[in-house]
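I opened the notebook to look up a few places in this structure. The entries follow in the order in which I made them.

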Amino acid sequence: MTILLPPVKQRLAAGWLVLVVLAGLFAPSAVSPPDLANINQPPFQGGHWLGTTSQGLDVGVSLWQGARTLLLVSLPAAFFTLLAGAVLGGTAGYWGNTRLRITHFQLALALFALLLTGLLLTYFPRFAFWILAGVPAAAAVAWAFLPGSTRSATRLALPLDSSILGLIALVNSVPLLVLVVAAAAVQRPSLTGVVALLSATCWPTPARLMRAATLQCRTQPYVEAAQAAGIPSLRILWRHIGPNALPVLLVRFPLTVAVLISLETTLSFLGVGLPAEMPSWGRLLAAVRQAPPDWWLILWPGLAITLTVLSLQRISGSENRR
Amino acid sequence: MLGAVALRHILRTIVAAWLILSVLFLLSRSTADPDSQLRNMVESNSRMGGLLEQPATSQQLLHRYGLYEPLFYATWQPATGWHWHGVQTQYHRWLKQLLHGDLGYSYRLEAPVWDVVKQALRYTLPLTLLAAALSIALALGVATATSYRPSARRWFIRVAHILQSFPLFLLALGLLLLLANPDALSWFPAFGLGPADQESTGWSRPGLLLYQLTLPIISLVLGSFPALAIQLDGALRHEFNRPYIATARAKGSSPAGIVWRHALRNAVLPTVTLLTELLPSIVAGSVVVEVVFALPGMGRLLADAALNQDFPVLLGGVGLVAMVRLGAQLLADVLYPILDPRIRPEV
């Protein structure tokens with residue numbers, strides 16, 4: 001953006017975001033009982049400054065607690081979205097369709113690890129985390145140390161680029177919102193479920209950016225020099241391409257958070273997002289459907305979402321210019 | 001050449017739709033065992049409440065919804081290992097029905113999905129088509145009008161960026177609060193269609209329908225035109241630095257003439273690609289907008305189906321949205337050679 005803004009706006013944006021983070025950190029975790037004597041109360045009256053819903057919930061307290069939910073969902077989801085985008089996009093851009101060649105032994109090892117993971121997951125779903133972490137790690141160790149990885153044999157080229165682009169096309173073939181709503185309907189997601197769902201559906205955009213950036217870096221002389229010096233691929237990716245390609249993603253972090261906040265509040269508004277007992281800004285907005293004349297139910301959460309999204313945009317704009 | 005591209009797009013979309021629908025179908029059927037699934041279906045349908053106490057009825061219902069068969073062609077049983085079921089499976093039956101154009105039977109509404117969808121499309125088609133047309137017109141108009149007025153352009157870009165960052169339901173709720181509120185301005189109906197309107201079909205009273213669709217259309221347009229306009233504006237600015245614009249200026253064209261006759265023709269090409277996103281995103285937006293304005297359309301149907309886990313309707317809706325995307329893609333394929341003579345096949 002070429003518009004130069006007075007730094008006051010940047011500071012205001014940063015101030016609001018700090019406020020939201022602080023509110024989220026220090027929100028009371030106990031759910032306050034509904035005040036059934038004062039339902040549908042307009043703001044600035046009685047003990048409820050921001051009014052109450054038709055269920056007697058205090059809007060101010062719900063907003064406060066909703067800030068924590070917002071942080072708990074949007075920050076991890078943005079992190080995982082960008083991580084998945086970076087890994088998949090970097091893989092597609094660096095190795096392309098022909099440059100990762102593996103032996104039959106390695107292919108068999110990978111397939112075996114995949115099968116083992118699947119079988120273990122069906123039998124011991126309770127240890128999902130350890131299985132998902134342990135089996136790939138064991139396979140990686142075997143990959144590195146077993147002979148066969150060094151012995152020259154006929155090698156197969158893995159069409160990584162095409163498969164990842166195909167995956168992107170698959171996820172993009174249905175609009176994001178419809179996909180997320182449909183997937184959320186299959187299993188009512190918990191908090192981690194929403195994070196997983198959002199990151200599993202939002203990664204194509206960062207992946208595409210990362211792929212383009214990696215493709216650009218790959219042709220640079222310093223990468224060729226590193227390859228000629230015999231530095232392993234993963235190290236080249238991490239030490240040589242990463243520092244040049246990753247900033248493309250990092251400047252998008254605030255924007256990704258903003259997109260995820262919009263998606264999450266929309267999900268909660270439609271009633272398919274977080275479980276009903278979790279206070280969230282979207283659910284607060286949805287309460288207006290039971291009581292249409294209650295303007296304060298739209299005004300306060302709407303203002304909070306608007307300010308947050310605009311502040312995130314302002315912040316990311318400032319990083320773009322630098 | 002064109003035919004090959006279109007064929008590739010058709011094939012790719014169909015494969016993608018099949019994969020997504022299959023994954024959704026298998027997930028929806030496998031996450032719950034038949035009994036609890038049956039209970040879920042019956043609970044959302046008040047007419048059949050309490051019937052599950054009788055085992056015979058339960059069996060009948062299992063048969064009726066086709067839940068007695070194994071789910072997929074092959075299943076893994078811990079005791080016996082892999083088991084091959086042949087074609088007597090839920091998945092096979094569902095796929096065969098789908099290929100025959102039968103979308104199944106709604107659990108909740110007690111009607112074939114296709115009828116439900118047709119009913120809903122009566123409201124959604126005018127809504128989405130009008131919103132799409134207006135978005136395109138508005139994007140074209142604003143981007144071209146501001147392209148030679150720098151100060152207006154700066155404001156418009158800023159507003160477009162702000163609009164783009166809003167969640168759509170917030171825009172719609174804001175409009176509802178401002179323009180359809182008995183306490184503020186009560187210009188438009190707040191909640192969808194009254195009982196009298198629902199009896200008359202959507203087509204017989206177009207004026208009334210249009211009046212009721214005004215606010216939903218405005219929110220959809222506000223939600224979808226900024227992306228188009230920003231892209232078009234960027235392309236126009238890019239074209240303005242090209243030498244042929246200097247030539248056009250030198251020969252004395254008016255600013256509007258330069259934009260419409262020279263720059264736009266080139267600038268619109270990258271925007272056509274966005275068109276493939278526009279229609280599906282408007283359909284997705286109608287999910288939110290129809291819920292906010294309580295319109296009995298396709299989006300509301302999808303949202304309700306998601307809320308009540310009415311999977312046949314949900315799968316039908318997702319498939320339909322994928323088909324909309326295919327249609328938009330084919331439209332773009334047709335538009336490209338019309339707009340750009342360079343990629344027209346030589347006759």
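Which residues is V259(B) in contact with, leaving aside its neighbours within four places in sequence? I found T144(B), S147(B), Y148(B), L236(B), F240(B) and L264(B); contact means heavy atoms within 4.5 Å.

I noted that this is a predicted model, where local features need pLDDT of at least 70, side-chain atom pairs count only at pLDDT 80 or more, and totals for chains, interfaces and linings use all residues. Residues are numbered from 1 along each chain as its sequence is written, chains are lettered from A and ligands numbered from 1 in the order in which they are written, and side-chain values use heavy atoms, with hydrogens and water left out.

I placed V259(B) in helix α11 (residues 255-293) of chain B; helices are DSSP runs of H or I, at least four residues, numbered from the N terminus. V259(B) has 1% relative accessibility and so counts as buried (under 20% relative accessible area, 1.4 Å probe, protein chains only). From V259(B) to R153(B) I read 14 Å, C-alpha to C-alpha, and 106 residues in sequence.

Next I looked up helix α6 (residues 176-186) of chain A, where nine of the eleven residues are buried. Among them are L177(A), V181(A) and V186(A).

The axes of α2 (residues 59-95) and α10 (residues 233-250), both of chain A, come within 11 Å and cross at roughly 120°; axes are lines fitted to C-alpha atoms over the stretch in contact, with angles from 0 to 180 degrees between N-to-C directions.

Key:
Buried < 20%, exposed > 50% of the residue type's maximum accessible area, 1.4 Å probe, protein only. Helix = DSSP H or I, 4+ residues; strand = E, 2+ residues; numbered from the N terminus.
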